[in-house]
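Here's a quick tour for anyone meeting this structure for the first time. Take a look at the sequence and the model, then read on.

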Amino acid sequence: MADAEQARKVQLDLNNEVFQENWLTLDKSERNRVTDFLRKLRQLTWDQLYRDQGLKWEKVVSVKPPKGIDAVYTLRITQARRATAYRDGNFLRFLTIAPDHDAAYGKK
């Protein structure tokens, strides 16, 4: 059963208002890079997401997660930006797109 669970594709939840605002206010080229990243992410299994060195999936320990969320993670979505998200079953629920790498960890 664990193998079947890890083989499941990542499903995306892009409905967070803050995430949408962050995404839609990016300049066109950066917005397109995020869109390309999301297309790639939809093709991955959870195991592939965790192992992908380019995504740099990391738990955020410097920020307390919102109520009802066990942990918040960051992942690289473009060369210059990271997103915050959390796993909810097979869904990756996006929260924000940070303006730079440090901001994703609550350092700004």
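**First look**

Helices here are DSSP runs of H or I with at least four residues, strands are runs of E with at least two, and both are numbered from the N terminus. Keep in mind that this is a predicted model, where local features need pLDDT of at least 70 and side-chain atom pairs count only at pLDDT 80 or more, while totals for chains, interfaces and linings use all residues. Residues are numbered from 1 along each chain as its sequence is written, and side-chain values use heavy atoms, with hydrogens and water left out.

**The whole chain**

- The chain holds four helices and five strands, and along the sequence they come in the pattern α-β-α-α-α-β-β-β-β.
- Of its 108 residues, 37% count as buried. Buried means under 20% relative accessible area, exposed means over 50%, and partly exposed is in between (1.4 Å probe, protein chains only).
- Take the contacts between residues at least 6 apart in sequence: 50% of them join residues at least 24 apart. A contact means heavy atoms within 4.5 Å.

**The sheet**

- Two strands pair if DSSP finds at least two bridges between them.
- Strand 1 pairs with strand 5 in the parallel sense, over three bridges.
- Strand 5 also pairs with strand 4, this time antiparallel and over six bridges. Tyr86 stands opposite Arg93 of strand 5.
- The hairpin of strand 4 and strand 5 has two residues between the strands, and Gly89 takes a positive phi there, near 65°.
- Strand 4 (residues 82-88) and strand 3 are antiparallel partners over four bridges, and Tyr73 has Ala85 in strand 4 as its bridge partner.
- Strand 2 (residues 58-59) runs antiparallel to strand 3, and two bridges join them. Glu58 has Thr74 in strand 3 as its bridge partner.
- Strand 5 is mostly covered, with five of its seven residues buried.

**Helix 3**

- Helix 3 (residues 28-42) has 15 residues and reaches 21 Å from its first C-alpha to its last, close to the 21 Å expected at 1.5 Å a residue. That expected span is 1.5 Å times one less than the number of residues.
- Which residues of helix 3 are buried? They are Glu30, Val34, Phe37, Leu38 and Leu41.
- Looking down the axis of helix 3, you'd find its buried residues within an arc of 100°, so they line one face of the helix. The arc is taken from the directions from the helix axis to the C-beta atoms.
- An α-helix has 3.6 residues a turn, so residues three or four places apart point the same way.
- Over on the other side of helix 3, Lys28, Arg39 and Arg42 are exposed.
- The buried residues of helix 3 pack against strand 1 (11-13), helix 2 (17-24), helix 4 (46-51), strand 3 (73-76) and strand 5 (91-97).

- Asp13 lies in strand 1 and counts as buried because its relative accessibility is 15%.
- Asp13 stands opposite Arg93 in strand 5. Leaving aside neighbours within four places in sequence, Asp13 is in contact with Phe91, Leu92, Arg93 and Phe94.
- Asp13 and Phe94 are 81 residues apart along the chain, yet 6.3 Å separates their C-alpha atoms.
- Where is Lys56 found? It's in the loop between helix 4 and strand 2.
- Phi of Lys56 is near 50°, a positive value in a residue other than glycine.
- At 34% relative accessibility, Lys56 counts as partly exposed.
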